[in-house]
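Me: I would like to learn how to read a few features of a structure. Please take me through them one at a time.

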Amino acid sequence: MSKLIVSGMTNLEGSVSVGGSKNSTLPILAATLLANGCSTIYDVPYLLDIKNMTDILHCLGAEITNAGGSGLSICCKKPGWDVSDCEYTTKLRASFLVAGPLLARCKRFKISMPGGCRIGLRPVDLHLKGFAALGAKITVGHGFIEAKCRNLTGTVIYLDFPSVGATENLMMTASLANGLTIIENAAIEPEIVDLAGFINSMGGKIVGAGTDTIKITGVKELTGQVHTVIPDRIEAGTYAAAAAVTKGKIQIDNVIPEHLTPITAKLREAGVEVTEGDSFITVDAENQPKAADIKTLPYPGFPTDMQAPYTAMMSVAEGTSIVTETIFENRFMHIPELIKMGADIKTEGRTAVVKGTKKLTGSKVNATDLRAGAALVLAALAAEGETEISHAEYIDRGYYNIDKKLSLLGAQVMRID
Ligand code: UD1
């Protein structure tokens, strides 16, 4: 277990660069299994979830080598279809993203039920319904999911909910199916567009990614390619909120400002000055943030992954805000910890009423999942005195060197492993 010790109340200043998007890299690494030949992916963030994903690719027979800097080269001539013995699959939910490519390439897969953050039930029924519609026979039992098919045939798939993972898995599977697949009510997150771009560069035929109707014409084979993943909008948003809670002024480099609009719009509503450049934003928060309500929604709504950090920001805002979580049913685990630090928050179902306070106080708190952990780091930065955050390894699943990056911005953060 590692801990972060944070001494709060320093205004952040300077610049910080965000890494490649975790949520783009994970499906793109899975998509390398679709290709004959090798792919090289650049701007791969050094994160625990990415390490677990590359370990899963290893289990499937992929050869992975460093391509210099943050690049990884992945070659998988003939992936295995049975990943059920691979311990890493239970460590992250995104492990299930290899299912679609395996079904497409090997016509079958066996995988354990996916693990990941404890933020809700997180079923994979939408993925499975889609695989079945494409022609797979699915069996679920004893903690494993198996699928087999003779052929995959394009069809129309309507998703009951615009699931990011289901859209990605089905886009990958349909890319090697016979004929045309149409995914309706598809997710439109930037990470979907990035994945589609990678598959198309390999010879895929996907149109409409980034809209709620994606059309995929299956091709006989895909060939490995070179791709650079988009920057991580959630990492960027978290540093922006860190500037806001510390009344700081920072520049955040390596971002696509357009992808940050749902977050920057809220920061502006909270009285924070945000300026956009080509590939950077500056965040200037002279005063205590003002209360502003949020409701998490699929993109381009406010991202659920920013809900916990934003709640921490609202806990030191002027006024009362309402935070509504509509995506995951158990994503308020940071709130009892924020309350330990002096936050005034009441929850009722999926709604939190956050009464801003001028002062939080340092305490011993526990990170229960990735974004909950990030929220505690923000609260600690705003708090008087020292905060000890245990289970910082959860935070490392999504933030590379958060302690070092914050220290470079002037924060006092120390890691104890
Ligand atoms: C992805 C992101 C995660 C983010 C989430 C929502 C990755 C690796 N992770 O997760 O950081 O919080 O999108 O933006 O990209 N659902 C079902 N059945 C399914 C699939 C999903 O009921 O088959 C439900 C989930 O339980 C959840 C909601 O749909 O309540 C959204 O899930 P989904 O969009 O699939 O999220 P993930 O792809 O798991």
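**Reading the pocket, a helix and a buried serine**

Reply: Start with the largest pocket, whose volume is about 1100 Å³. A pocket is an open set of points on a 1 Å grid over the protein atoms alone, where a 1.4 Å probe fits and protein lies on both sides within 12 Å along at least five of seven lines. Points are joined across faces, edges and corners, and the volume is the space filled by probe spheres set on them. This is a predicted model: local features need pLDDT of at least 70, side-chain atom pairs count only at pLDDT 80 or more, and totals for chains, interfaces and linings use all residues. Residues are numbered from 1 along each chain as its sequence is written, and side-chain values use heavy atoms, with hydrogens and water left out.

Me: How many residues line the largest pocket?

Reply: A lining residue has an atom within 4 Å of a point. Here there are 46, with Arg 93, Arg 122, Val 164, Gly 165 and Phe 328 nearest the centre. Elements giving two or more residues are α1 (22–31), α4 (125–133), α5 (164–174), α7 (233–245) and α11 (370–382). Helices (H or I, at least four residues) and strands (E, at least two) are DSSP runs, numbered from the N terminus.

Me: Which domains contribute to that lining?

Reply: Domain bounds come from an automatic or database domain assignment. Domain 1 (3–17 + 231–416) and domain 2 (26–228) each give at least three residues. Their centres, taken over C-alpha atoms, are 31 Å apart. Contact means heavy atoms within 4.5 Å. By that test, 22 residues of domain 1 meet 20 of domain 2.

Me: Now a helix. What span does α2 have?

Reply: The expected span is 1.5 Å times one less than the number of residues. Helix α2 (residues 48–59) has 12 residues and reaches 17 Å from first C-alpha to last, close to the expected 16 Å. Just after α2, Gly 61 has a positive phi of about 100 degrees.

Me: Which residues of α2 are buried?

Reply: Buried means under 20% relative accessible area, with a 1.4 Å probe and protein chains only. In α2 these are Asp 49, Ile 50, Asn 52, Met 53, Thr 54, Asp 55, Ile 56 and Leu 57. Their cover includes α1, β5 (63–66) and β6.

Me: Is Ser 95 buried or exposed?

Reply: Ser 95 is buried, at a relative accessible area of 0%. Ser 95 sits in the loop between β6 (72–75) and α3 (99–106). Leaving out residues up to four places away in sequence, Ser 95 touches Met 53, Ile 56, Thr 89, Ile 111 and Pro 114.

Notes: Buried means under 20% relative accessible area, exposed over 50%, partly exposed in between (1.4 Å probe, protein chains only).
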